[in-house]
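Hi,

Here is the structure I promised to pass on.

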Amino acid sequence: MSSADRRSDGLESPSALKQQVAESAAALEKSRARLRNQSRILKLIFDSMAEGVIVADPRGHCLLWNRAAERFLGGAPRDVFPDDWPRVYGVYLPDRETPCPAGDFPLARAMRGEATTRCELFLRNPAVPKGIWVNVNASPLQDDHGTAQGGIAVIRDVTEQKISQDVMAQQRQELERSNRDLEQFAYVSSHDLQEPLRAVSGYCQLLQRRFAAALEPKAAEYIAEAVQGARRMQALIEGLLAYSRVGRHGHPIAPTSAQAAFDQALVNLHAAIGECSAEITHGVLPVVPADPLQLMQLFQNLIGNALKYRGDRRPQIHVAAEAGDREWVFSVRDNGIGIDSRFRERIFVIFQRLHTRSEYPGTGIGLALCKRIVERHGGRIWVESEPGAGSTFSFSLPSVAGEPP
């Protein structure tokens, strides 16, 4: 058969077949080179990660183990059974003493088809002799048909965050202890100071009554100043005692009618309200988890504050409550003298005053006491105001547990 006949029968010449083989070989080599390059890039990516990445097949053989994993676990993967991983690589529970049970190791769980998120463990091995804290996320690997193909685990070093959290927790405990000590000191001091102060005030007033006619004008003035000073000190001590009692001697927090607390506050302020013919209105006031006495005191202080700083106008005060996200936001709006924006935070600090005693009497404890009461209930307090345009004091309280606001 001639070469022409072979071509007509669909058979290629030896030279053409040789060329096709060469072209196929070149294309295959090109594909291999591209695959090698992609694998190299993928390895560079994995090795540049700060997190350790481990991929294992269904039998526990490691298919991928990057440099971070080597740094955490002490070198290249070892040919050991999955049950031996915690022992070989020094994996412990958060108590740092109990070895992690083999079945609870996140990668082992992933190989069983379980996903693990932010599993906190402690690693201690020759590579990290002092130990490090890690968070481990692990997920099962499956093919398109849902067949298990092993698991992947990502290990993140969280030692610095853990140490910071521990330091913050310790500082918080120290602060709480210090606050308790200060509360105890304030309570004991203010309580114990009351009796001698009453004695001083009583004797000064006795001198005023019995010897007023015999005293020189200057002496009478001095005694009057001493009496006034004793009264101011008495008011400060009583305020400090009330402030220290908020956290120590409060009633249990329970579902409380804000309406009932508001009504009692108005009863207590009856004389002050009548003195200035104040107009006080309110909206619907809900039931909230609160200490009933402290909620009444909160309303009383805020309304009393509005009465005191009324200026020359007839006080108009409106109390309202609005449902928020898992909380109620109460507001006490007035038409008083207002507050400069520079002092909106300062007014909630104990003993801070914006006016002299000759202008407005007081101890500088009222609003600080309000802030302390609100914070005890898990809320917050703030004010919106402009000089001459009145003020709106707002505070939040959580809604009743299990009931939307």
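**The cores, then a helix pair**

The largest nonpolar core has 36 residues, and those touching the most other members are Leu 295, Phe 299, Leu 302, Ile 303, Phe 330, Phe 393 and Phe 395. By nonpolar core I mean buried Ala, Val, Leu, Ile, Met, Phe, Trp, Tyr and Cys residues joined through side-chain atoms within 4.5 Å; buried is under 20% relative accessible area with a 1.4 Å probe, protein chains only. Helix α10 gives this core its largest share, eight residues. Another core, of 27 residues, lies apart from it and includes Ala 68, Cys 119, Val 136 and Ala 153.

Before you dig in: this is a predicted model, where local features need pLDDT of at least 70, side-chain atom pairs count only at pLDDT 80 or more, and totals for chains, interfaces and linings use all residues. Residues are numbered from 1 along each chain as its sequence is written, and side-chain values use heavy atoms, leaving out hydrogens and water.

Now the helix pair: α10 (residues 292-308) and α11 (residues 366-376) have axes that come within 10 Å and cross at roughly 145 degrees. Helices here are DSSP runs (H or I, at least four residues), numbered from the N terminus; axes are lines fitted to C-alpha atoms over the stretch in contact, with angles from 0 to 180 degrees between N-to-C directions. On the α10 side, the residues that meet α11 include Leu 298 and Leu 302, while Leu 369 and Ile 373 are among those in α11 (contact means heavy atoms within 4.5 Å).

Overall, buried residues make up 35% of the 405 in the chain.

Cheers

Technical notes. Helix = DSSP H or I, 4+ residues; strand = E, 2+ residues; numbered from the N terminus. Buried < 20%, exposed > 50% of the residue type's maximum accessible area, 1.4 Å probe, protein only.
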